[in-house]
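I opened the file to look up a few local features and note what I found. The entries follow in the order in which I made them.

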Amino acid sequence: MTTASRFIARMLKNSTPSIGRHSLKLLPRVSSIYGTRFNSTSQPDPDRETGILKTYQVTKADARPVVSEHHEISFDDKKVLIPWEEGKTSYYQHLWLRDHCQCPACRHPETKQRLVNTFDIPRNIKPAGVEGSEAGLKLTWKDGHESVFPWDWLHLHSYAPRLERYLSPQFHLWGSEIENNPPEVNYEEVMASNDGVALWVAKIYKYGFCYVSGVPVTPQATKSLIERIAFIRETHYGGFWDFTADLEKKDMAYTNLALGVHTDTTYFTDPAGLQMFHLLEHSDGSGGQSILVDGFRAAKILREEDPQAYKTLSNVRIPAHASGNPDSSIQPFAPFPVLNHHPSNGELVQIRWNNDDRATMDRWDDLEDVEKFYDAARAWNDILRRQGTEYWEQLRPGRALIFDNWRVLHGRSAFSGKRRLCGGYVNMDDYKSRLRTLCSTRERLLKSL
Ligand SMILES: [Fe+2]
Ligand SMILES: [Zn+2]
């Protein structure tokens, strides 16, 4: 142990008598000694306010770091070690710390972008001094530069070990019973304030879909409604669509045929995130009922009933294409599986399923995978078509439907007569950005970066 670290340990002990387990009990929960709980800021936190949304993304949140009084902070030529009261010790390399300096000279205070020149940092950089205080860990570098890392920031971004408390997303998985109480918000509310939009996107996040009632039955009002979340995504179908069954675009969506449940745009590397449908008119005919299926619930069932099928659909990559229009042939940069998982936490994040848009599958790792794939696809299809899975509803003018195309599958029954539908897509990243900024605090977001 170095003299400096002994000093730090002593200093921590002396100047902050409340860092131990014993003294923690004396403190209110929200006032951790070093740093602040992310949800204890003075601004109201809509996550809590609405009670709808506990987490909205792969989250790094709610750390309440307390530096242990029983062990000492130390540093050597390569790293700083911080022992936490919870019994773990984090390891931070000096090079990493210098590169992540949070000061205004190293990170632009407005744009939040990195200013430090990473490549000017000597590979074997070492601080001249290390000290702890209420504000955090202060490192003084040999050129005089100072870096202060708040304790909660250090805990949140600890990489060895990783200390983030991962909270599973609070999804409400539903079956056909959702017809009794489908999520809905009001058009006026959404148009009037960001609180209305916050409620809306929180419901979309939780349920994977939401209705908006009281929408004026015009394309213009529908377009403005979508734009409350984000700009509309342009595709080969255009931006905002307003269409009838005329095969203007060479896709079965532009016919009156029945469409089995699917997700849209499996042929994009980045499939459409949200999709809105607003029925403007259906006259001189019948049919055209809409069906929604909660794909995350269906996947959960598949995993329980047939783990092998779940594995197959998570691994076998399916090529997809959109080539009906003579001037285009859209394909993702690589084929993707049906079930796509987050690389670090394993959570299911995206379903890509459109059997009609599947291209020729002529790349197999193993010959047995061919049969395995057809078996798995059949098991999946059976779950999607079960009675308790399907939620049928007739769209009607004035009631727009929006859903998460990475989670909820949609389809419709065949119809007759004139049916005019409008709507559009929103990118997943833009919708999630809106969700994050409306349903969290700026402080919490910036700390998580
Ligand atoms: Fe579709
Ligand atoms: Zn700096």
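In what sense do strand 1 and strand 2 pair, and over how many bridges? I looked this up in what is a predicted model. The two strands, strand 2 being residues 79-83, pair in the antiparallel sense over 2 bridges. I noted Ser74 opposite Leu81 of strand 2. I then took the whole sheet: it is open, has 3 strands in the order 1-2-3, and its pairing is antiparallel. Strand 1 (74-75) and strand 3 (89-93) are the edge strands, each of them pairing on one side only.

Next entry: the zinc ion (ligand 2). I listed its protein donors as Cys101 (SG), Cys103 (SG), Cys106 (SG) and His145 (NE2), at 2.1 to 2.3 Å from the ion. The angles among the 4 donor atoms run from 102 to 117°, and the site is tetrahedral. Along the sequence I read the donor spacing as C-x1-C-x2-C-x38-H. Cys101 and His145 are 44 residues apart and link distant parts of the chain. I placed Cys101 in the loop between helix 4 (94-99) and strand 4 (127-133), and His145 in the loop between strand 5 (136-141) and strand 6 (146-149).

Last entry: Asn325. I found Asn325 in the loop between helix 10 (307-315) and strand 13 (339-341). Is Asn325 buried or exposed? Asn325 counts as buried because its relative accessibility is 13%, and the cut-off for buried is under 20%. Setting aside neighbours within four places in sequence, I recorded contacts of Asn325 with His236, Lys249 and Lys250.

Technical notes:
Residues numbered from 1 in each chain as written. Chains lettered and ligands numbered in written order. Predicted model: local features only at pLDDT ≥ 70, side-chain atom pairs only at ≥ 80, totals over all residues. Heavy atoms only, no water. Donors = N, O, S within 2.8 Å, 3.2 Å for Na, K, Ca; no water. Tetrahedral: all angles 85-135°; square planar, octahedral: opposite > 155°, others 65-115°. Helix = DSSP H or I, 4+ residues; strand = E, 2+ residues; numbered from the N terminus. Pairing = 2+ DSSP bridges. Buried < 20%, exposed > 50% of the residue type's maximum accessible area, 1.4 Å probe, protein only. Contact = heavy atoms within 4.5 Å.
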